[in-house]
Amino acid sequence: MKKIRQQDDLAQIKFILCNGHFEGSSRKKIFGVFGVLVGISLGLMFLSITMISIEQLNSDRSVVEFVGLIIGFVVAFLLLPTIWLIIIIRNEKIRKKVILWLQDAIKISGYSKNIGTKYWLGIPLIKIQVEFELAGIKFVRTSEREKRGVFDLGRPVGYFSGITKFVDRKIDILYSPKYDQVMVLKDR
């Protein structure tokens, strides 16, 4: 058992049993990457509109078709930054909770198990169970207690993608006794 320092371990959290994936990097890094992705999307949108406009000058396409293409490209290239923004907002809501949980979190080792695999949109998803001991008491926590979001789109409750390397082995976790939350740490 080891008490932790908030900022050090915030960046080390890979996922949380009740929320799934979490990005604990600094906010500057997250918003910097978002800014670059928005810049690329806007640049590609303007390049596409320019190319369509030049082509329109040399073709006999109707104005309605031209306007439809422009609207299609604008919607397509603005959809990506909107999705990224929704992901960032979700992550920031989770960050507020994690900062609260870290106030009493204890870093300990546990053992994770794959207790179920399902496929969703062709992606393998895993339900995970974490067993650990604290002060002589054995705890077992599963991802089935997950809190659902609006954009889960029918994904099975408690099943996550991209956690294969964290199952069926010993892992490091942060456990908040006060809030009964398990946060799985990245491998060092």
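Helices and strands are DSSP runs, a helix having at least four residues and a strand at least two, and both are numbered from the N terminus. The model shown in these figures is predicted.

**Figure 1. Threonine 142 in strand E6.** Threonine 142 is found in strand E6, which covers residues 137-142. Since buried means under 20% relative accessible area, threonine 142 counts as buried because its relative accessibility is 14%. When its neighbours within four places in sequence are left aside, threonine 142 is in contact with Leu17, Ile115, Ile128 and Gln129.

**Figure 2. The protein chain as a whole.** The protein chain has 3 helices and 9 strands, and, read along the sequence, these elements follow the pattern β-α-β-β-α-α-β-β-β-β-β-β. Of the 188 residues of the protein chain, 41% count as buried. Among the contacts in the protein chain with a separation of 6 or more, 68% come from residues 24 or more positions apart. The protein chain exposes about 11100 Å², and carbon and sulfur atoms supply 64% of this area.

**Figure 3. Helix H2 and its buried residues.** Helix H2, made of residues 27-57, has 31 residues and reaches 45 Å from its first C-alpha to its last, which is close to the 45 Å expected at 1.5 Å a residue. The buried residues of H2 are Ile30, Phe34, Val38, Ser41, Met45, Ser48, Ile49, Ile52 and Gln56. An α-helix has 3.6 residues a turn, so residues three or four places apart point the same way. What covers the buried residues of H2 includes helix H3, residues 63-101.

Figure 4. Val36, Ile40, Leu44, Leu47 and Met51 make a nonpolar surface patch of about 470 Å². One of these residues, isoleucine 40, has its place in helix H2, and with a relative accessible area of 47% isoleucine 40 is partly exposed.

**Figure 5. Helix H3 along its length.** Buried residues in H3 are Phe66, Ile70, Phe77, Pro81, Ile88, Asn91, Glu92, Ile94, Arg95, Val98 and Trp101.

**Figure 6. Aromatic rings that pair inside the protein.** A search of the whole structure finds 6 aromatic pairs. In one of them, the rings of phenylalanine 15 and phenylalanine 166 have their centres 5.9 Å apart and their planes at 80°, so the pair is edge-to-face. Phenylalanine 15 lies in strand E2 (residues 13-16), while phenylalanine 166 lies in the loop between strand E7 (159-160) and strand E8 (169-176), so this pair ties together parts that are 151 residues apart in sequence. Both partners are buried, phenylalanine 15 at 0% relative accessibility and phenylalanine 166 with a relative accessible area of 1%. Another aromatic pair, formed by phenylalanine 132 and phenylalanine 139, is stacked, with 5.3 Å from centre to centre and 10° between the planes. Phenylalanine 132 and phenylalanine 139 are both buried. Phe15, Phe160 and Phe166 form one aromatic cluster.

**Figure 7. The salt bridge between lysine 113 and glutamate 131.** A search of the whole structure finds 4 salt bridges. In one of them, lysine 113 is joined to glutamate 131, and their closest N and O atoms are 3.1 Å apart. This pair links distant parts of the chain, with lysine 113 in strand E4 (residues 106-120) and glutamate 131 in strand E5 (residues 123-134), 18 residues apart. Lysine 113 is partly exposed, with a relative accessible area of 31%, whereas glutamate 131 counts as buried at 17% relative accessibility.

Figure 8. Aspartate 180 forms a salt bridge with arginine 141, the closest N and O atoms being 2.8 Å apart. Aspartate 180 lies in the loop between E8 and strand E9 (181-185) and arginine 141 lies in strand E6, so the pair ties together parts that are 39 residues apart in sequence. Aspartate 180 counts as partly exposed at 21% relative accessibility, whereas arginine 141 is buried, with a relative accessible area of 17%. Arginine 169 forms a salt bridge with aspartate 187, and here the closest N and O atoms are 2.7 Å apart. This pair links distant parts of the chain, since arginine 169 is in strand E8 and aspartate 187 is in the segment after E9, 18 residues apart. Arginine 169 counts as partly exposed at 26% relative accessibility, and aspartate 187 counts as partly exposed at 40%.

Notes: Residues are numbered from 1 along each chain as its sequence is written. This is a predicted model: local features need pLDDT of at least 70, side-chain atom pairs count only at pLDDT 80 or more; totals for chains, interfaces and linings use all residues. Side-chain values use heavy atoms; hydrogens and water are left out. The expected span of a helix is 1.5 Å times one less than its number of residues. Buried means under 20% relative accessible area, exposed over 50%, partly exposed in between (1.4 Å probe, protein chains only). Contact means heavy atoms within 4.5 Å. Accessible areas come from the Shrake-Rupley method with a 1.4 Å probe; for residues, only the protein chains shown count as cover. Patches are made of residues with over 30% relative accessible area and no salt bridge: like charges are joined within 9 Å, nonpolar side chains (Val, Leu, Ile, Met, Phe, Trp, Tyr) within 5 Å. A salt bridge is a side-chain nitrogen of Lys or Arg within 4 Å of a carboxyl oxygen of Asp or Glu. Rings of Phe, Tyr and Trp (its six-membered ring) pair if their centres lie within 6.5 Å; planes under 30 degrees apart count as stacked, over 60 as edge-to-face and the rest as tilted.
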